[in-house]
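Dear colleague,

Please find the structure below, handed over for your records. My notes on the backbone and the overall layout follow it.

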Amino acid sequence: MAAERILIVAATYVRNLNGKQIAIIDGYTFYACNSLSGNLDTSMWRCTKGYPCKARFKALNTGEIVRVTTLEHEHVPPAIDVHDGILYKLAKKKPTPVTYATHMR
Ligand SMILES: [Zn+2]
């Protein structure tokens, strides 16, 4: 796969029901994990799916993304809904349209 430089990536920042900040890119959700590097101006954001998904990026605390490690996920996006800046997870009862589209290709 060709290495592709992503120059402009925008994340939407919301909060979940627990008040935790969540970033959304292309329908995928990320949570911040403070790096131990001592740099308090940036945070690493990891896919909420966690291992083995390697999608993650680094962003300034202002929300500006400064480095994308990868945004490739090995799963479909989570079923989510956002209302007034609050993230709601939808119950997974049936495959999403995204799943169908992938299989029909
Ligand atoms: Zn992921």
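Aspartate 84 lies in the loop between β7 (80–83) and β8 (86–89); strands here are DSSP runs of E of at least two residues, and helices are runs of H or I of at least four, numbered from the N terminus. The model is a predicted one, in which local features need pLDDT of at least 70, side-chain atom pairs count only at pLDDT 80 or more, and totals for chains, interfaces and linings use all residues. Residues are numbered from 1 along each chain as its sequence is written.

Although aspartate 84 is not a glycine, its phi is positive, at about 55 degrees. Aspartate 84 counts as exposed because 6 other C-beta atoms lie within 10 Å.

A cis peptide bond joins tyrosine 51 to proline 52, with omega near 5 degrees. Proline 52 is placed in the loop between β4 (42–47) and β5 (56–60). Most residues other than glycine have a negative phi, and most peptide bonds are trans.

As for the whole chain, it holds 1 helix and 8 strands, in the order β-β-β-β-β-β-β-β-α from the N terminus. Of its 105 residues, 12% are buried.

Kind regards

Terms used
Buried ≥ 20, exposed ≤ 12 C-beta atoms within 10 Å, placed from the backbone.
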